[in-house]
Amino acid sequence: MPSTEVIFYDLLCSTPATCWSPSCWRTRLVLQHKRIPFHTVWVSYPDIASTVGHTQPGREPVTLPVIKHGDTAEAVYFFENWTHAGPTESLILWSLPRMPAFLDKRGREFFVRTREEQFGSLEEMAEGQGLEQAEMAYEPIEFLLKRYGPYIAGDRVSYQDFILLATLLWYDMCEPGCVRKIVNFFPSRHFAKWYDLMLPLAVTQ
Ligand SMILES: N[C@@H](CCC(=O)N[C@@H](CS)C(=O)NCC(=O)O)C(=O)O
């Protein structure tokens, strides 16, 4: 009899049972919001390929999240072409150099080696990158929330809210408390109120 359990492969960090990856968070938030029961398998960066196989055939890197439902390899699918919300990548150069601090040991070694091969020194990448960049990047979000709020698409939470929250949760792993500072950039407080509404959903079930 085939297994009906949903398995969610998520990225490990140094704190047990803690989701940090923006890609994993947005998928996890959807599963949890839809009340789909699942079991999490935590995977360190260097073990992704040996655990789940290649998630983006013909393209590097091998990535998580992956969801497995049932027993067969064909039942492994992944969230590849979902639309991404606007300006959420604005702090990427600020974030990447901060990630080694919270990754598990093997994940950290893998991350630093592969990212430095690709981009050069992470330390240099961090130079000149400050949180204040987020103010301009998130102005459209404050505007949208003012116009349509309390959620991005109006009265009901939607995938766009999950994408944005997932990215902010990642930033907060990079520098605890930084998201509160970001939302407080906007005195009209629509983003801050949205964050207060969304934060309770950030539970790693
Ligand atoms: N297409 C995937 C991409 C997911 C993705 O980029 N995951 C990152 C973690 S945030 C990953 O697993 N990276 C592995 C690596 O860079 O080696 C999605 O949007 O869900």
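Which loop holds P65? P65 sits in the loop between α2 and β3; helices (H or I, at least four residues) and strands (E, at least two) are DSSP runs, numbered from the N terminus. This is a predicted model: local features need pLDDT of at least 70, side-chain atom pairs count only at pLDDT 80 or more, and totals for chains, interfaces and linings use all residues. Residues are numbered from 1 along each chain as its sequence is written.

View 1. P150 belongs to the loop between α6 and α7.

**View 2. Helix α1 (residues 22-33) meets helix α7 (residues 159-174).** Their axes (lines fitted to C-alpha atoms over the stretch in contact) come within 8 Å and cross at roughly 140°. The contact (C-beta atoms, placed from the backbone, within 7 Å) includes W25 and L29 of α1 and F162 and W170 of α7.

**View 3. The largest nonpolar core has 43 residues.** Such a core is a set of buried Ala, Val, Leu, Ile, Met, Phe, Trp, Tyr and Cys residues joined through C-beta atoms within 7 Å. Buried means 20 or more other C-beta atoms within 10 Å; exposed means 12 or fewer. L11, W25 and W170 are among the members that touch the most others. Helix α7 gives the most, with 10 residues.

**View 4. A17 has a positive phi of about 50° without being a glycine.** A17 lies in the loop between β1 and α1. A17 is exposed, with 11 other C-beta atoms within 10 Å.

Note on methods. Axes are lines fitted to C-alpha atoms, for helices over the stretch in contact, and angles run from 0 to 180 degrees between N-to-C directions. Two residues are in contact if their C-beta atoms, placed from the backbone, lie within 7 Å.
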